[in-house]
Amino acid sequence: GVGLALGGGLHDEDVRVRRVVAEVLSRAYMQVELATPDILAGLRDPDPEVRAFLLEALTRIDVDSEEAMTAVLGLLEEDSTRDAAVAALDRASRVPADALPGLLKALGSEDDWVRRNVAACMRKVGVAAVQTLSEAVRRERGTTRLAAMDVLSQFGEEAGSASPVLVEALCDRDLEVRCAAARALGAIGV
């Protein structure tokens, strides 16, 4: 099929060809499942654009397989592919706790869409994410800290263990931090 033929193009020596093939696979409405082995192999391509397009293509196939999840988690650690990796994880049925360090880095993104995807991924991790988010409220600054409080509020009562950190944040010098802490405490039900 066409997907299989395109997958072969991911092995071209010229990065321009690999980029075009990866982009086509990421937007393909055809069956790209036959190209899965080539897509997974392409996630190790030295070019970040190729890897980002292939992460998008992977979300059309199966992010939940062990091999795909391992690749996505690796790309979550790279600045150049983090946003695409977060989008791929958002489409997974589960997100392992191993993703938390990379998700925390992505939580500081200036892009609202990325932060929303991170929040959804952290909810998929479950209560294990509450500790990581609590540490972010205590240690991080700026967008990451505010976003961590927002995600904690989305956990509701499950984030009860974060209450002491949020109470501390109520005394912060920054008005936005105090307001975010109050909203999170309200959502948690404290």
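Of the 190 residues of the protein, 49% count as buried, meaning under 20% relative accessible area with a 1.4 Å probe and protein chains only; over 50% is exposed, and in between is partly exposed. This is a predicted model, in which local features need pLDDT of at least 70 and side-chain atom pairs count only at pLDDT 80 or more, while totals for chains, interfaces and linings use all residues. Residues are numbered from 1 along each chain as its sequence is written, and side-chain values use heavy atoms, with hydrogens and water left out.

Start with the overall layout. The protein has 12 helices and 0 strands. Helices (H or I, at least four residues) and strands (E, at least two) are DSSP runs, numbered from the N terminus. Along the principal axes, the C-alpha atoms fill a box of roughly 60 × 25 × 25 Å. Take the contacts between residues at least 6 apart in sequence: 60% of them join residues at least 24 apart. Contact means heavy atoms within 4.5 Å.

Ser26 sits in helix 2 (residues 15–27). Its relative accessible area is 0%, so Ser26 is buried. Leaving aside residues up to four places away in sequence, Ser26 touches Phe53, Glu56, Ala57 and Arg60.

Next comes a helix pair. Helix 10 (residues 142–155) packs against helix 12 (residues 175–188) at an angle of about 15 degrees, and their axes lie 8 Å apart. Axes are lines fitted to C-alpha atoms, for helices over the stretch in contact, and angles run from 0 to 180 degrees between N-to-C directions. The angle therefore makes helix 10 roughly parallel to helix 12. Roughly parallel means under 35 degrees; over 145 is roughly antiparallel, 65 to 115 roughly perpendicular, and the rest oblique. Helix 10 contributes Arg145, Leu146, Met149, Leu152 and Ser153 to the contact. From helix 12 come Glu176, Val177, Ala180, Ala181, Arg183, Ala184, Ala187 and Ile188. By class, this contact of helix 10 with helix 12 has 9 nonpolar, 1 polar and 3 charged residues. Ala, Val, Leu, Ile, Met, Phe, Trp, Tyr, Cys and Pro count as nonpolar, Asp, Glu, Lys and Arg as charged, and the others, Gly among them, as polar.

Finally, the cysteines. The structure holds 0 disulfides, a disulfide being a pair of cysteine sulfur atoms within 2.5 Å. Cys171 is exposed, because its relative accessibility is 68%. Cys179, at 33% relative accessibility, counts as partly exposed.
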